[in-house]
Each structure stands twice: as structure tokens, then as C-alpha cells.
Amino acid sequence: GFCYLFCLEHAMLYLLKASIAVVVVLPASLGCYSILASLDGGWDGLLGAQGSSRDLSMGVGLCAVSLLSAGLSFFQWSSVDEAVECIKAAQECIRDMPTLL
């Protein structure tokens with residue numbers, strides 16, 4: 001329990017930024033890969049199959065999800081800061097009352 005509180009106290013903002021980066025970067029990279037794969041016949045590599053159009057639409061959709069995630073995290077960053085402060089206050093209260101662990 002105390003290790004978790006220690007991580008919350010010292011690395012919370014970094015963990016939050018890392019998780020937001022994963023939510024933005026992972027769909028973008030998969031989307032770009034799908035778009036590039038659709039130009040080369042799709043993920044299966046068979047020319048003339050319907051896979052390339054499906055890969056293109058999946059790639060565009062994943063890139064749109066990534067842009068949406070990036071926009072939401074950018075425009076809601078003040079709310080993220082408030083949430084971090086609330087979690088820090090809760091962590092401080094729990095640390096001051098060890099019987100809650």
C-alpha cells in the first residue's frame with residue numbers, strides 16, 4: 001500500500017502523461033501502418049482482394065481516433081491538472097491515516 005502511495009506522490013504526473021501519450025501514439029502508428037499497408041495490397045499482401053480498402057478505412061479511422069484523443073487531452077488539460085491535485089490531496093489524506101491501508 002505504501003509503495004503505491006509513494007508512486008502516486010512522486011510519479012503521478014509522469015504516469016498520466018505517459019498514458020495519454022500511449023493513447024495518442026498507438027492508434028496513430030497503427031493507423032499509419034494500415035494506410036501504408038493498404039497501398040501495398042493490404043496486410044495480407046494479396047493484390048485484388050478487398051483487404052486493401054478495409055485496411056485504408058481502418059487506418060483512417062485509427063488516425064481519426066488518435067487526433068480526437070490528442071484534441072481532447074489538449075483542450076481538457078486544465079481538468080487533468082485539477083484531477084492530479086485531487087488525487088494528490090486524497091493520497092496525502094490516506095498517508096496521514098495509515099489505518100485506511
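In helix 3 of this predicted model, the buried residues (those under 20% relative accessible area, with exposed meaning over 50% and partly exposed in between, for a 1.4 Å probe and protein chains only) are Val80, Val84 and Gln91. These residues cover an arc of only 45 degrees around the axis, which puts them on the same side of helix 3, the arc being that of the directions from the helix axis to the C-beta atoms. On the other side of helix 3, Glu82, Cys86, Cys93 and Asp96 are exposed. An α-helix has 3.6 residues a turn, so residues three or four places apart point the same way. The 20 residues of helix 3 (residues 77-96) should span 28 Å at 1.5 Å a residue, which agrees with the 29 Å between its end C-alpha atoms; the expected span is taken as 1.5 Å times one less than the number of residues in the helix.

The model is a predicted one, in which local features need pLDDT of at least 70 and side-chain atom pairs count only at pLDDT 80 or more, whereas totals for chains, interfaces and linings use all residues. Residues are numbered from 1 along each chain as its sequence is written, and side-chain values use heavy atoms, with hydrogens and water left out.

The secondary structure of the protein chain comprises three helices and zero strands, where helices (H or I, at least four residues) and strands (E, at least two) are DSSP runs numbered from the N terminus, and the order of the elements from the N terminus on is α-α-α. Of the 101 residues of the protein chain, 21% count as buried. Among the contacts (heavy atoms within 4.5 Å) in the protein chain with a separation of 6 or more, 68% are accounted for by residues 24 or more positions apart.

Leu62, which is found in helix 2 (residues 51-75), counts as partly exposed because its relative accessibility is 24%. Leaving aside neighbours within four places in sequence, Leu62 is in contact with Pro27, Ala28, Leu30 and Gly31; Leu62 and Ala28, although 34 residues apart in sequence, are 6.2 Å apart in space, C-alpha to C-alpha. Leu30 is placed in helix 1 (residues 2-39) and, at 38% relative accessibility, counts as partly exposed.

Asp55, also found in helix 2, is buried, with a relative accessible area of 5%, and its C-alpha atom is separated by 8.8 Å from that of Gly31, 24 residues apart along the chain. Asp40, by contrast, is found in the loop between helix 1 and helix 2 and counts as exposed at 62% relative accessibility. The C-alpha atoms of Asp40 and Ser52, which are 12 residues apart along the chain, are separated by 7.7 Å.
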